[in-house]
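Trainee: I have a chain to learn today. Can we go through it with questions and answers?

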Amino acid sequence: MSIEIFFITAGIVIVSALVAMHGWTNSCPDCQKWFSRSLDDSEEISRENGYETVTRKDQTSHGNGKSSTTTRKEQVRMTYLKHKNFYSCNKCNHNWTALSSSKFEG
Ligand SMILES: [Zn+2]
């Protein structure tokens with residue numbers, strides 16, 4: 001097997017796996033059909049603030065073409081969100097809800 005065929009095969013396998021994963025997460029819990037989920041509405045149910053420690057990298061340039069990197073830990077304010085998502089199936093009209101959470105800095 002030549003290297004090109006190996007990469008093409010590997011590429012096809014990876015793409016199919018991604019499509020399958022995407023299809024599976026977008027499947028209906030009732031009729032199990034893939035790519036049938038549609039998001040009708042989303043409602044924020046909670047919003048909390050917290051702190052997380054992140055590692056920042058600072059680069060200092062010394063003017064002679066050299067630079068050094070120092071790392072420091074910093075506490076950042078985070079916002080945690082919880083959403084209730086309302087889904088419906090476009091194949092069998094089944095309705096369901098699922099919770100999702102996300103976070104962002106700030
Ligand atoms: Zn369905």
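Mentor: Start with one term: two strands pair if DSSP finds at least two bridges between them. Keep in mind that this is a predicted model.

Trainee: Which pattern does the chain follow along the sequence?
Mentor: Count the elements before you order them. The chain has one helix and three strands. Read along the sequence, the pattern is α-β-β-β.

Trainee: Which strands are the edge strands?
Mentor: The three strands form an open sheet in the order β1-β2-β3, with antiparallel pairing. An edge strand pairs on one side only. The edge strands are β1 (37-61) and β3 (95-105).

Trainee: What does the twist average from one strand to the next?
Mentor: Stay with that open sheet of three strands. From one strand to the next, the twist averages 10 degrees.

Trainee: Which residue stands opposite Leu99 in β3?
Mentor: Look at β2, residues 67-89. β2 and β3 pair in the antiparallel sense over 11 bridges. Opposite Leu99 stands Lys84.

Trainee: Which residue takes a positive phi in the hairpin of β1 and β2?
Mentor: Ser61 stands opposite Ser67 in β2. The hairpin has five residues between the strands. The residue with a positive phi, near 85 degrees, is Gly63.

Trainee: Where is Gln32 placed, and is Gln32 buried or exposed?
Mentor: Most residues other than glycine have a negative phi. Gln32 is not a glycine, yet its phi is positive, about 60 degrees. Its place is in the loop between α1 (3-25) and β1. Gln32 has 12 C-beta neighbours inside 10 Å, so Gln32 counts as exposed.

Trainee: How does Phe35 count by its C-beta neighbours?
Mentor: Phe35 is in the loop between α1 and β1. Its phi is positive too, near 55 degrees, and Phe35 is a residue other than glycine. Phe35 has 15 C-beta neighbours inside 10 Å, so Phe35 counts as partly exposed.

Trainee: How many buried residues does α1 have?
Mentor: First its span. α1 has 23 residues and reaches 33 Å from first C-alpha to last, close to the 33 Å expected. α1 is hardly covered. Its count of buried residues is zero.

Trainee: What is the count of buried residues in β1?
Mentor: A buried residue needs 20 or more other C-beta atoms within 10 Å of its own. β1 has 25 residues and is hardly covered. The count is one.

Trainee: Is Ser102 buried or exposed?
Mentor: Ser102 is found in strand β3. Ser102 and Thr79 are 23 residues apart in sequence and 8.5 Å apart in space, C-alpha to C-alpha. Ser102 has 9 other C-beta atoms within 10 Å, so Ser102 is exposed.

Trainee: What radius of gyration does the chain have?
Mentor: Take the spans of the C-alpha trace along its principal axes: about 65 × 55 × 15 Å. A compact globule of 106 residues would have a radius near 13 Å. The chain has 23 Å.

Technical notes:
Residues are numbered from 1 along each chain as its sequence is written. This is a predicted model: local features need pLDDT of at least 70, side-chain atom pairs count only at pLDDT 80 or more; totals for chains, interfaces and linings use all residues. Helices (H or I, at least four residues) and strands (E, at least two) are DSSP runs, numbered from the N terminus. Axes are lines fitted to C-alpha atoms, for helices over the stretch in contact, and angles run from 0 to 180 degrees between N-to-C directions. The expected span of a helix is 1.5 Å times one less than its number of residues. The radius of gyration is taken over C-alpha atoms; the globule rule is 2.2 Å times the number of residues to the power 0.38.
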